Amino acid sequence: MGSGSSVNVNYKYSLQKSENVQTLPDETHPAFKAAVLIQRWYRRHVARLEMRRRCTWRIFQSIEYACEQDQIKLHNFFSYLVDHFTPSSSKERDFISRMFISGESFKEAELEKYCDYESMEVPDSYTGPRLSFPLLPDQATALLEAFKQKQQLHPRYVLNLLHETRKHLKQLPNISHVSTCYSEEVTVCGDLHGQLDDLFLIFYKNGLPSPSKSYVFNGDFVDRGKQSLEILIILFTFLLIYPNEVHLNRGNHEDHMVNLRYGFTKEVMQKYKVHGKKILKMIQNVFCWLPLATLIDQKVLIIHGGISDTTDLDVLEKIQRNKFISVLRGKKRKDSNRNVEIQEINRESKTEADPAEKEAAPSLFPQPRPAPAPSMSNRQEFSRWVRQTVQEQIEWCRRLVDISESEEEELTYSSVVSLTDLDGPCRTREEDWKQVLDILWSDPMPQEGCRANTVRGGGCYFGPDVTQKILEKHNLQFLIRSHECKQEGYEFCHSRKVLTIFSASNYYEIGSNRGAYVKLGPDLVPHFVQYQANKTAHTLTMTQRISRVEESAFRALREKLFAHTSALISAFKAYDKDNTGRITLSNWATAVESVLRLGLPWRMLRPQLVRSTVDGMLEYKSWLDDLAMEQRSQEHIQSSLLEVIYRNRSNLETIFRIIDRDHSGLISFEEFHQTWKLFSSHMNIELTDDGINDLVRSIDFNKDGNIDFNEFLEAFRLVKQSQ
């Protein structure tokens with residue numbers, strides 16, 4: 001009986017439970033339809049956000065790489081200028097010497113004397129951090145705290161630190177070797193670009209360098225950010241305290257010619273107005289001694305940019321890396337006339353090399369030798385000979401300055417640092433330079449093969465087959481590189497054989513990207529840590545973050561469009577055969593790409609750039625007027641002049657800093673006069689000597705006998721206005 005009652009109770013309970021269970025609605029139920037609609041809406045919303053994010057990313061990267069390409073083209077121009085400008089007086093010869101040659105490479109004793117820190121006194125009123133050598137961990141900690149409090153290290157200590165760092169780096173091989181046997185793990189950091197908060201956050205999350213905590217910092221410590229010098233000081237300090245645990249690779253921004261354009265030179269001179277020039281000179285020398293690569297357990301290769309089909313680690317180990325103070329320098333020709341000119345400029349009395357050796361030294365672009373001239377009695381044949389000879393000379397000049405009618409033609413770059421460094425076969429120097437250029441500037445691509453990196457203007461694009469070839473040749477597992485900003489801070493490609501790591505968060509704009517670093521243990525399995533150094537980025541929703549970054553990207557793109565107004569008008573008119581002032585949106589997109597060459601999806605970007613159309617047609621003149629209204633900052637500056645300044649400002653600022661050899665922010669009247677004669681052809685401006693003198697007096701507004709950068713821009717504006 002007891003057992004039967006128990007079964008009856010269980011039956012009643014299960015029956016009651018089944019009555020309470022609700023069945024799911026079928027597809028015709030309103031609740032089901034509502035859920036499907038909400039799901040579809042959300043998926044579309046996320047897809048639109050992702051599309052906006054990708055477009056924004058492409059805008060930022062295209063503008064960034066176009067700027068790097070402009071930098072290399074500018075220095076190719078200077079290379080051509082130096083080789084073809086013949087000084088007409090001793091003043092011009094001295095100017096060329098100061099501007100392009102002298103001071104680029106000091107001898108050991110000269111550098112020590114020039115950057116003498118021992119003669120500097122530290123006043124009692126100085127309250128910042130103090131350094132004594134050999135350095136101790138407590139001093140590094142004090143330095144970190146001082147920089148958090150916005151304190152500045154005294155120039156004596158800066159120069160002393162740079163001196164000791166240089167002495168240490170000179171003892172290191174081109175490729176550093178790191179083993180996980182001596183530490184728990186190795187942490188690899190990518191580009192920091194002067195963003196000190198990112199470095200602080202890395203140390204906070206991962207711990208300071210120590211005997212059990214090894215770090216590899218993979219180049220691009222400086223430029224763009226505002227605290228590049230502080231980052232260098234911190235990294236060099238830990239390098240000297242823990243020489244076996246801290247490793248630094250050179251990046252493409254550890255280059256004083258790049259620093260002139262992207263802010264580091266300006267930062268140092270603003271922070272150290274008296275001793276800034278000495279600090280820059282010493283940093284320039286330290287940069288050229290930085291190792292080029294790092295190997296972890298002989299299995300993981302760490303380089304800043306990438307590789308090419310000619311990259312060879314055995315060759316890389318033997319290169320004299322200190323010879324490459326900058327890879328953005330003019331190519332040197334080894335003809336006897338040029339050697340004589342160099343010796344005249346430097347006022348050296350060295351014996352000339354054997355002419356036979358000079359002839360034997362190959363040149364990358366030898367000057368064509370014209371065929372023997374035919375008799376003038378046959379005018380038709382003689383005319384054909386003249387045309388052929390002139391055409392050969394024109395093509396030769398085009399190749400020298402990278403002016404080519406073919407878009408596919410590969411750009412050329414310089415490797416040689418000093419005009420006086422002529423020993424050794426030219427071919428070997430060129431090969432060595434290419435090894436260095438490729439590892440500093442190259443990027444991976446999904447396609448097979450290896451081709452010139454025409455987007456950046458330097459290095460190459462390398463495919464998965466090139467990666468596999470290098471890995472197999474040197475028995476490596478995978479390659480770690482930096483050089484490219486990634487939204488998540490890291491990214492794999494080439495079947496996870498290439499890892500890009502980027503440590504500067506919010507690189508383009510607040511919320512644009514995370515920073516990341518990677519940790520490798522004895523198993524060499526990568527473990528990633530991502531972060532956002534800016535607190536504001538944490539408070540933004542995904543929509544707010546994308547909208548903020550998108551607004552910044554389109555603002556930069558509209559500036560780029562405005563800077564090419566004249567070229568755009570010409571391109572639009574080519575499609576406006578009847579001079580109606582209107583073109584189709586399709587023709588608008590084609591014309592814009594033909595001028596800017598940024599490789600952007602203009603049809604997709606059009607709604608953000610073109611606000612109003614009439615019957616699907618764009619009134620392009622009114623559209624360009626709207627762009628001008630957005631950019632015009634001063635009423636008295638004409639739009640055409642402002643356009644020219646926008647387009648050339650970066651180049652002009654770089655040129656100004658090259659002329660300003662002492663980095664004082666001022667150039668003398670004489671330097672201005674000689675410089676204007678030098679690059680008038682580059683700016684498409686011609687003035688007589690009297691005209692230049694009148695101009696220089698008119699723009700010296702404060703009558704101090706010098707010209708600052710704003711006055712320099714004013715000179716450019718006045719000349720363009722007079723044309």
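How do the axes of helix α5 (residues 137–148) and helix α8 (residues 228–241) cross, and within what distance do they come? Select both: the axes come within 10 Å and cross at roughly 170 degrees, with axes taken as lines fitted to C-alpha atoms over the stretch in contact and angles running from 0 to 180 degrees between N-to-C directions. The two helices are therefore roughly antiparallel, a label for angles over 145 degrees.

Now show side chains. On α5, pick Pro 137, Ala 140, Leu 143, Leu 144 and Phe 147; on α8, pick Glu 230, Ile 233, Ile 234, Thr 237, Phe 238 and Ile 241. These make the contact, meaning heavy atoms within 4.5 Å. By class there are nine nonpolar residues, one polar and one charged (Ala, Val, Leu, Ile, Met, Phe, Trp, Tyr, Cys and Pro count as nonpolar, Asp, Glu, Lys and Arg as charged, and the others, Gly among them, as polar).

A word on ground rules: this is a predicted model, where local features need pLDDT of at least 70 and side-chain atom pairs pLDDT 80 or more, while totals for chains, interfaces and linings use all residues. Residues are numbered from 1 along each chain as its sequence is written, and side-chain values use heavy atoms, leaving out hydrogens and water.

Next, step back to the loop between α4 (108–114) and α5, where Pro 123 sits. Pro 123 is partly exposed at 38% relative accessible area (buried is under 20%, exposed over 50%, partly exposed in between, with a 1.4 Å probe and protein chains only). Beyond its neighbours within four places in sequence, Pro 123 touches Arg 130 and His 154. His 154 is 31 residues away in sequence, with 9.6 Å between the C-alpha atoms. Pro 134 lies in the loop between α4 and α5, and a cis peptide bond with omega of about 5 degrees joins Phe 133 to Pro 134.

Within helix α20 (residues 565–575), select the buried Thr 565, Leu 568, Ala 571 and Phe 572. Looking down the axis, they fall within an arc of 125 degrees, so they line one face of α20; the arc is that of the directions from the axis to the C-beta atoms.

Note on methods. Helices (H or I, at least four residues) and strands (E, at least two) are DSSP runs, numbered from the N terminus. Angles under 35 degrees count as roughly parallel, over 145 as roughly antiparallel, 65 to 115 as roughly perpendicular and the rest as oblique.
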